[in-house]
Amino acid sequence: GMVWSVLTGVVLACCTVLGGLPSASTAAGTLLGGRSALLSFAAKLAPTPSRTPAHARGTSMLAAANAGPKGGGASLDAQLANLERRATAAAASWDTVATAFLDAPLADAACARLGALADCAAVRVGGFPGARRAMFVLTHPELVTSVVASEHVTLFRVSADFASSDPLANCIVNIGVGLESVGDVLLEGDDTAYIVVAASSAKTFKRLLPKGLKGGKGGAVTIDEHDGAVEGVLQELEVQRLDKRAQR
């Protein structure tokens, strides 16, 4: 049989998915770390705290440069090895480190790779339950309960005329937000999109994105943080070369 030892040092876990966002709703999660053992828990996610927990020494938010939408060209093994090194370093220093968003295949492979590590913990954060693209928060097992999804990602609901606007990926990049800071994008019809963004880019995204889109119903572009259900067709974000002369 398996011996479960909780609260005594090594937290055994495999792939924590925190889907909840800023509201004080209850979300289920699964932890990563500890030789393939699975630990499920339910945690109430409160709004983003104004201070870092005292025991979380030296929290840092670092983006992985090779974790863009296309994987940055590095091999899967190389990217997984990089994630493992970062997870080990974060746990050893009792740090909390967030990656950039990873494509679904890499995120899924990372669950298996990081789940085999002892003395490390990782939390998969996608912005909503079932999200495909995700970032990982790497830390020491004893700090994993201090990881709050809303501190790392923000889910937006955007209303605009997407059929008449430039491609969404172009609009996002044009406001200075890299696609490695963007998670899943779901389009519901031609006038509603649900977009997950890294919390570090959320203010810029919310302030500037409406300027690059055409108004939908009512003639205005609206963008709000969202903590309800998410529906729509998953979009593949890719910057496109536009012929402005053809658009005149």
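**View 1. Ala 198 counts as buried, at 7% relative accessibility.** Buried means under 20% relative accessible area, exposed means over 50%, and partly exposed lies in between, with a 1.4 Å probe and protein chains only. The model is predicted: local features need pLDDT of at least 70, side-chain atom pairs count only at pLDDT 80 or more, and totals for chains, interfaces and linings use all residues. Residues are numbered from 1 along each chain as its sequence is written, and side-chain values use heavy atoms, with hydrogens and water left out. Ala 198 sits in strand E9, residues 192–198. Strands (E, at least two residues) and helices (H or I, at least four) are DSSP runs, numbered from the N terminus. Leaving aside residues up to four places away in sequence, Ala 198 touches Phe 101, Met 135, His 152, Val 153 and Ser 181. Contact here means heavy atoms within 4.5 Å. Ser 181 is 17 residues from Ala 198 along the chain, and their C-alpha atoms are separated by 5.2 Å.

**View 2. The whole protein chain has 5 helices and 11 strands.** The chain holds 248 residues, and 47% of them count as buried. Take the contacts with a separation of 6 or more: residues 24 or more positions apart account for 72% of them. The accessible surface of the chain comes to about 12200 Å². Carbon and sulfur atoms hold 53% of that surface. These areas come from the Shrake-Rupley method with a 1.4 Å probe; for residues, only the protein chains shown count as cover.

**View 3. Helix H1 (residues 76–92) meets helix H2 (residues 104–115).** Two packed helices are described by the angle between their axes and the distance between the axes. The axes of H1 and H2 come within 10 Å and cross at roughly 50 degrees. Each axis is a line fitted to C-alpha atoms, for helices over the stretch in contact, and angles run from 0 to 180 degrees between N-to-C directions. H1 and H2 are therefore oblique to each other. Angles under 35 degrees count as roughly parallel, over 145 as roughly antiparallel, 65 to 115 as roughly perpendicular, and the rest as oblique. On the H1 side, the residues in contact include Leu 76, Leu 80, Leu 83 and Ala 87. On the H2 side, they include Leu 106, Ala 109, Arg 113 and Leu 114. The residues of this contact divide into 9 nonpolar, 1 polar and 3 charged. Ala, Val, Leu, Ile, Met, Phe, Trp, Tyr, Cys and Pro count as nonpolar, Asp, Glu, Lys and Arg as charged, and the others, Gly among them, as polar.

**View 4. Trp 94 and Asp 95 lie in the loop between H1 and strand E4 (96–98).** Trp 94 is not a glycine, yet its phi is positive, near 55 degrees. At 23% relative accessibility, Trp 94 counts as partly exposed. Asp 95 counts as buried, at 13%. Asp 95 and Leu 138 are 43 residues apart in sequence and 7.9 Å apart in space, C-alpha to C-alpha.

**View 5. Asp 119 lies in the loop between H2 and strand E5 (121–125).** Its phi is near 65 degrees, a positive value in a residue other than glycine. With a relative accessible area of 44%, Asp 119 is partly exposed.

**View 6. Glu 238 is found in the loop between strand E11 (233–234) and helix H5 (244–247).** Glu 238 counts as partly exposed, at 45% relative accessibility. Val 173 is 65 residues from Glu 238 along the chain, and their C-alpha atoms are separated by 10.0 Å.
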